Amino acid sequence: MAAGAPRIFVSHLSGSQVFDPNGDQVGRVRDLVAMLRVGRRPPRLLGMVVEVLSRRRIFVPMTRITGVESGQVITTGVVNMRRFEQRPTERLVLGELLDRRVTLVETGEQVTVLDVAIQQLPARRDWEIDRVFVRKGKGGVLTRKGETMTVEWSAVTGFSLEEDAQGAESLVATFERMRPADLANVLHHLSPKRRAEVAAALDDDRLADVLEELPEDDQIEILGKLKEERAADVLEAMDPDDAADLLSELPEEDKERLLTLMRPDDAADVRRLMSYEERTAGGLMTTEPIVLRPDSTVADALARVRQQDLSPALAAQVYVCRPPDETPTGKFLGTVHFQRLLRDPPFTLVSALVDNELPPLAPDTPLPAVTGYLAAYNLVAAPVVDESGSLLGAVTVDDVLDHLLPEDWRETDFLTGAAHG
């Protein structure tokens, strides 16, 4: 939702129908899941508990939700059907926050929480609980006496974590604003026990981002301490090339068991990547570049480039291909660089802008040749195309650097030094 999106009270969402993009019903909202934070910072909304038609309750992350209105919720259509299990850092909004007695900071008066409101942050996909609807006086939700009022989250106390809490819950809240690489550096220096506690408390997407930045030994250790279904969820959330690298280090029986637990489409991408030699374009590439059809417009391309979860390297260009537009695609037609998109009118077709003079990489191109290719053409990413002319993926400069640097480069404190330099 865009900046200035309306504030929504969660009681209006209870029981709301959840639909996929085609208009088919997925289920109904039964609760919302939030993560409390240290001090008076508003909680971050992680997702919704949805009861699907089989009466199973599943978790749908907010990143999979494209529209929220009173009466209905729209998802991307890609949901994990595993049963929802609440984690230590998570709070059920309807089940645990409502009908609670909290204190008004200004007066010290105790009030009862009747409802809370959520709002999407401007220009981001994150959601927060930013308002609390309360009733003064004694008694719970059924008590009708007493003045009601809506106040900011920071105007009440009795929800948030205590600053001196010692559990992983507080530690995770303290680390929340860290970049994944910085959090990985901190995690690497924790004791194995503490590292496992923090990893268990992180949500899947956050843990996936952090795992991608950790040394191989830490990755294997953390993944091995997760329940197998959770480990499969985290692997699904990782970039396919990083998940393939991690799985390739596991014993064959463990690898196959986790691949079987993953969604078939995600597992297929990872298996495909694992079929290539590690230090080749095919072994280095990601299978999720921006792919557009020839009749897409510059406006379509810029909308895809603006996606928050996209890395800067992958956002630097789009690849124009004939259908199907998921890798491996139909015939690869060429690349359109981000700067070119900025120079042409929004209605221009991308097929008119393709750079088809730059030769793509073959999947068996060795690492030194990939490095030379990126340097010679001043690129941060390059297309990988098979013999039939289908786009298989894209190699990005960060993956190339990862394989050029010393094996222990992630274990150094260069990030801390750079921050103070």
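The model is predicted, with local features needing pLDDT of at least 70 and side-chain atom pairs counting only at pLDDT 80 or more, while totals for chains, interfaces and linings use all residues. Residues are numbered from 1 along each chain as its sequence is written, and side-chain values use heavy atoms, without hydrogens and water.

**Exercise 1.** Determine which residues of helix α9 (residues 252-261) are buried.

*Solution.* Buried means under 20% relative accessible area. In α9, Lys 255, Leu 258 and Leu 259 are buried. They lie on the same side of α9 because they cover an arc of only 100° around the axis. The buried residues of α9 pack against α6 (216-225), α7 (228-237), α8 (240-247) and α10 (264-274).

**Exercise 2.** Describe the largest nonpolar core.

*Solution.* Such a core joins buried Ala, Val, Leu, Ile, Met, Phe, Trp, Tyr and Cys residues through side-chain atoms within 4.5 Å. The largest has 45 residues, and Leu 247 is among those with the most contacts inside it. Contact means heavy atoms within 4.5 Å. Not counting residues up to four places away in sequence, Leu 247 touches residues including Leu 235, Leu 258 and Met 262. A second, separate core of 37 residues includes Met 48 and Val 113.

**Exercise 3.** Is Thr 329 buried or exposed?

*Solution.* Thr 329 is placed in the loop between β15 (317-321) and β16 (332-337). Thr 329 counts as buried because its relative accessibility is 4%. Beyond its neighbours within four places in sequence, its contacts include Val 291, Cys 321 and Leu 391.

Conventions:
Buried < 20%, exposed > 50% of the residue type's maximum accessible area, 1.4 Å probe, protein only. Helix = DSSP H or I, 4+ residues; strand = E, 2+ residues; numbered from the N terminus. Arc of directions from axis to C-beta.
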